[in-house]
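Work through the exercises below with the coordinates open, and try each task before reading its solution.

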Amino acid sequence: MDGRALAAALAAILLWSTLAWLGVRLAAWPPFLLVGCALGIGAIVGLRRIRAWRVPLAALALGVYGLFGFHFLLFLALRHAPPVEANLVNYLWPLLIVLLAPLFVPGMRLDARHVAAGLIGFAGAALVVTGGRLALEPAHAAGYAMAAGSALVWATYSLASRRLRNVPTAAVGGYCLASGIAALACHALLEAPFVPATADIGWLIVLGLGPMGAAFYLWDFALKRGDPRSIGALAYLTPLASTLLLAAAGDSPMTAAAGIGMALIIGGAIVGTAK
């Protein structure tokens with residue numbers, strides 16, 4: 001795989017691993033307001049090349065489908081299902097990238113090695129996210145379906161963006177801005193008014209410039225130049241790094257199940273990127 005694509009994918013994964021840690025610090029914020037503001041800040045990352053935001057309507061629609069659609073369905077899922085189980089179902093997206101890659105990339109075949117890597121990574125993510133305790137209840141089926149839909153949106157957006165290689169990565173800034181506006185509209189319609197604390201602004205800026213900003217540009221660059229099957233396998237490093245960060249910060253204890261899950265994730269990443 002292209003070395004620059006690999007580096008960009010790993011950088012995006014590292015930034016996304018800070019989401020849970022930052023989310024703890026901004027837990028009081030209504031979700032759609034937080035995403036809307038963060039995406040608005042994320043648009044600033046691409047502001048230097050604002051002319052690149054002028055893209056065909058189909059490209060803009062794809063960007064909003066990915067960035068807004070993913071978060072919209074995920075937040076609905078979290079309202080209709082327990083957070084742990086909803087997050088686990090949502091973590092199907094790396095595996096879906098691996099499985100669906102041949103449908104989006106001409107000439108790409110479904111390699112048993114990449115499928116195995118994706119399955120191993122998902123098994124590891126299941127242990128990391130749930131701590132080995134999982135209870136999928138039929139009563140929350142609607143929430144699980146929304147979480148799966150969110151995963152499908154992100155996987156198909158990621159793969160479809162590969163077909164838009166003529167659209168510069170800086171256009172992601174336009175996607176962020178449009179998606180942020182949509183999220184703020186959802187806040188106005190679905191959430192109660194909220195006045196943030198002054199101390200939250202710094203954390204919000206970090207969130208917007210990092211995991212809700214630069215990470216999307218890096219991901220776009222990686223998917224347009226790298227092997228999506230390998231990148232999908234690598235993406236399971238996100239819950240691994242996130243768990244380590246939360247444990248280091250004292251926000252979440254490390255469990256034996258999480259340790260086993262991390263070993264599986266690392267094994268899956270090695271299998272998925274080996275030549």
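Helices here are DSSP runs of H or I with at least four residues, numbered from the N terminus. The model is predicted, with local features requiring pLDDT of at least 70 and side-chain atom pairs pLDDT 80 or more, while totals for chains, interfaces and linings use all residues. Residues are numbered from 1 along each chain as its sequence is written, and side-chain values rest on heavy atoms, without hydrogens and water.

**Exercise 1.** Locate arginine 113, and determine how far it lies in space from threonine 273.

Solution. Begin with the helix: arginine 113 belongs to α7. Next comes accessibility, where buried means under 20% relative accessible area, exposed over 50%, and partly exposed in between (1.4 Å probe, protein chains only). Arginine 113 counts as partly exposed because its relative accessibility is 29%. Finally, although 160 residues separate arginine 113 from threonine 273 in sequence, their C-alpha atoms are 9.2 Å apart.

**Exercise 2.** Describe helix α13 by its span, its buried residues and its packing partners.

Solution. The expected span of a helix is 1.5 Å times one less than its number of residues. Helix α13, with 18 residues (256–273), reaches 26 Å from its first C-alpha to its last, close to the expected 26 Å. Its buried residues are Ala257, Ala258, Gly261, Met262, Ile265, Gly268, Ala269 and Gly272. Seen down the axis of α13, these buried residues fall within an arc of 135°, so they line one face of the helix; the arc is taken from the directions from the helix axis to the C-beta atoms. On the face turned away from the buried side, α13 carries the exposed residues Ala256 and Ile270. Taking contact as heavy atoms within 4.5 Å, the buried residues of α13 pack against α7 (112–130), α11 (228–234) and α12 (237–248).

**Exercise 3.** Decide whether serine 158 is buried or exposed, and list what it touches.

Solution. Serine 158 sits in helix α8, residues 141–161, and it counts as buried because its relative accessibility is 0%. The side chain of serine 158 reaches the backbone oxygen of tryptophan 154 at 2.7 Å. Leaving aside residues up to four places away in sequence, serine 158 touches Ile97, Trp219 and Leu223.

Conventions. Helices (H or I, at least four residues) and strands (E, at least two) are DSSP runs, numbered from the N terminus. A polar contact is a pair of N or O atoms within 3.5 Å; within protein, one must be able to donate a hydrogen and the other to accept it, and residues adjacent in sequence count only if both atoms are side-chain atoms.
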